[in-house]
Amino acid sequence: MQHIYDMIIIGGGPAGYTAALYAARAGFDTLVIERMSVGGQMALTGEIDNYPGFEEGIDGFTLGMKMQQGAERFGVKTEYEDIISVDFSEKIKKVKSMSKDFYGKTIVIASGANPRELGLPMEKKMIGKGIHYCAHCDGRFYKDKSVIVVGGGNTAAADALYLSRIAAKVYVVHRRNTLRATKIYHDSLMKAPNIEFVWDSVVSELHAEERIVGAKIRNEITKEERDITCDAIFVSIGRKPATDFLNHSVALDSNGYIIAGEDTKTNVDGVFAVGDIRTKALRQVVTAVADGAVAVHFAEEYLTENTEFDIDTP
């Protein structure tokens, strides 16, 4: 007979392993399915200073491992599999990987969202060495230095403002001649004395030695190129939610994120969305952790109300 878990959590980042910890401590037979390694995007962050409890900060990979170990201490199981499809049409939900099928009474989707990359040579190699995707995570390393922010939406605008209070110089490179960010950002950005806009332009080449030392910028209208010396490039051109495997089994918003409120409930009973994958105002480690705890609260409520489920039986 196929094993049926009380809860299957798809994704081993901070939201996923917090849900796993709370679920296991509530007596749930809990499985985490992670595609690659624990920590999710957090694992790529060199140092995290805005997560409470670590007065000297902590690197994202170590924090992810601690979260996994804390959950597994209470009996959580982890499988390293790539999920290719799901079926939420029945009471017992099915999660299909490349090699096997898993079955659960409740599902917590914690698959996260990946930053969109520039797609340039050396970009991946320079991650953490001057290429960054989170200004609030890594901006403090560039106090009184020169940085480039790529993008023109709300995230890029917020990143540029944040970095302008730390860095000596901030170049904002945007492929259009005006920001897409909401008007609330415009005045503050224009008044910042150390922000310079590079309109109608893209980063066409990275300059690097052991770290990023600059970039070639190409004007998309004139095709002219210029070199900008900098210590870091913050890529803020959006994120891509990891929802392809869901095949619209839950409702998504226009940007591909799962529609779920602060209760983390999706439009499918017994299926919850936590962390960066769901619609939310702030995507940080601390908000992901909160989502994980909330999801288990409502999952326990769901299992209690559905009396055909015996949550004490593995």
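**A walk through the predicted model**

Of the 11 residues that make up helix 4 (residues 154-164), 8 are buried, so this helix is largely enclosed by the rest of the structure. The model is a predicted one. The buried residues of helix 4 are Ala156, Ala157, Asp159, Ala160, Leu161, Tyr162, Leu163 and Ser164. Their cover comes from several elements, including helix 3 (135-138) and helix 5 (186-191). Strand 9 (146-150), strand 10 (169-173), strand 11 (195-198) and strand 15 (232-235) are also among the elements that cover these residues.

Aromatic rings come next. A pair of aromatic rings is described by the distance of the centres and the angle of the planes. The structure holds 3 aromatic pairs. One of them joins Phe197 and Trp199: the ring centres are 4.8 Å apart and the planes stand at 0°, so the pair is stacked, given that planes under 30 degrees apart count as stacked. Phe197 has a relative accessibility of 17% and therefore counts as buried, the cut-off being under 20%. Trp199, at 26%, counts as partly exposed, because that class runs from the buried limit up to the exposed one, which is set at over 50%.

Tyrosine rings also take part in contacts with charged groups. The charged end of Lys169 sits over the ring of Tyr171, at 5.3 Å from the ring centre. Arg283 has its charged end over the ring of Tyr257, and here the distance to the centre is 4.0 Å.

Now consider a charged residue on the inside. Glu123 belongs to the loop that runs between strand 7 (113-115) and strand 8 (131-132). Glu123 is buried, yet has no salt bridge. Which side chain of opposite charge is nearest to Glu123? It is that of Lys124, 7.0 Å away, whereas a salt bridge needs a side-chain nitrogen of Lys or Arg within 4 Å of a carboxyl oxygen. The Glu123 side chain does reach the backbone nitrogen of Gly119, at 2.7 Å. Leaving aside residues up to four places away in sequence, Glu123 touches Glu117, Leu118, Ile131, Tyr133, Leu206 and Val235. Val235 falls within strand 15 (232-235), one of the elements that cover the buried residues of helix 4.

The last stop is helix 6 (residues 285-305), where Ala290 is found. Ala290 is partly exposed, with a relative accessible area of 40%. From Ala290 to Cys137 the separation is 153 residues in sequence and 18 Å in space, taken from C-alpha to C-alpha.

Note on methods:
Residues numbered from 1 in each chain as written. Predicted model: local features only at pLDDT ≥ 70, side-chain atom pairs only at ≥ 80, totals over all residues. Heavy atoms only, no water. Helix = DSSP H or I, 4+ residues; strand = E, 2+ residues; numbered from the N terminus. Buried < 20%, exposed > 50% of the residue type's maximum accessible area, 1.4 Å probe, protein only. Lys, Arg positive; Asp, Glu negative; His and termini not counted. Polar contact = N/O pair within 3.5 Å; in protein donor to acceptor, adjacent residues only side chain to side chain. Contact = heavy atoms within 4.5 Å. Phe/Tyr/Trp six-rings, centres within 6.5 Å; stacked < 30°, edge-to-face > 60°. Lys NZ or Arg CZ within 6 Å of the ring centre and 35° of its normal.
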